[in-house]
Amino acid sequence: MEKTVSFEKSLKELEEIVVQLEKGELSLEQSLDYFQKGVKLSKSCSKLLDDAEQRVSILINGKDGEMAEQPFAVDDASGV
């Protein structure tokens, strides 16, 4: 069974990989391994953010002044 890693932990690990790669002290093989792991972490973080975005909703004034839930609209033109 695969353990779910938090977004924060994945992002922290990705930041550490970037620091190591930027130092330029790794061998080519180590750099490639770090890069591969960084790509996987990046995809994982992106998926976690996409999932969170889908769960976000806005409370708006509904009928009779009661609050109603509406899905959060994402502006696809933003490129984010």
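Colleague: With which residue does Glu 13 form a salt bridge?

Modeller: Side chains of opposite charge can pair when their charged atoms come close. For Glu 13, the closest N and O atoms of its salt bridge are 2.7 Å apart. One member of the pair lies in helix 1 and the other in helix 2, so the bridge ties together parts that are 24 residues apart in sequence. The partner of Glu 13 is Lys 37.

Colleague: Which residues does Lys 37 touch, not counting those up to four places away in sequence?

Modeller: Lys 37 lies in helix 2 and is partly exposed, with a relative accessible area of 42%. Beyond its neighbours up to four places away, Lys 37 touches Glu 13 and Ile 17.

Colleague: Is Ser 10 buried or exposed?

Modeller: Ser 10 is found in helix 1, which covers residues 7-23. Leaving aside neighbours within four places in sequence, Ser 10 is in contact with Val 5, Leu 41, Ser 44 and Cys 45. The limit for burial is under 20% relative accessible area. Ser 10 has 2% relative accessibility and therefore counts as buried.

Colleague: Which residues of helix 2 are buried?

Modeller: The cover over the buried residues of helix 2 includes helix 1. Two of the residues in question, Leu 41 and Cys 45, are also in contact with Ser 10. The buried residues of helix 2 are Gly 38, Leu 41 and Cys 45.

Colleague: What is the C-alpha distance between Lys 12 and Leu 41?

Modeller: Lys 12 lies in helix 1 and is partly exposed, with a relative accessible area of 49%. Leu 41 is a buried residue of helix 2. Lys 12 and Leu 41 are 29 residues apart in sequence, and their C-alpha distance is 9.9 Å.

Colleague: How far apart are the end C-alpha atoms of helix 2?

Modeller: Helix 2 has 28 residues, and at 1.5 Å a residue it should span 40 Å.

Colleague: Which element gives the most to the nonpolar patch on the surface?

Modeller: The patch is formed by Leu 21, Tyr 34, Phe 35 and Val 39, with about 320 Å² of accessible area together. Phe 35 has its place in helix 2 and is exposed, at a relative accessible area of 52%. Three residues of the patch come from the element that gives the most, which is helix 2.

Colleague: Which element of the protein chain has the lowest mean pLDDT?

Modeller: The chain has two helices and two strands, in the order α-α-β-β from the N terminus. Its mean pLDDT is 82, and 71% of its residues reach 70 or more. Where pLDDT is low, the predicted coordinates should not be read in detail. Helix 1 has the highest mean among the elements, 96, while the lowest, 65, belongs to strand 1.

Colleague: What share of the residues in the protein chain is buried?

Modeller: The accessible surface of the chain comes to about 7,200 Å², and 54% of that belongs to carbon and sulfur atoms. Of the 80 residues in the chain, the buried share is 8%.

How values were computed: Residues numbered from 1 in each chain as written. Heavy atoms only, no water. Patch = residues over 30% accessible without salt bridge, like charges linked within 9 Å, V, L, I, M, F, W, Y side chains within 5 Å. Areas by Shrake-Rupley, 256 points an atom, 1.4 Å probe, with all protein chains shown as cover. Salt bridge = Lys/Arg side-chain N within 4 Å of Asp/Glu carboxyl O. Helix = DSSP H or I, 4+ residues; strand = E, 2+ residues; numbered from the N terminus. Buried < 20%, exposed > 50% of the residue type's maximum accessible area, 1.4 Å probe, protein only. Contact = heavy atoms within 4.5 Å. Expected span 1.5 Å × (residues − 1). pLDDT = per-residue confidence, 0-100.
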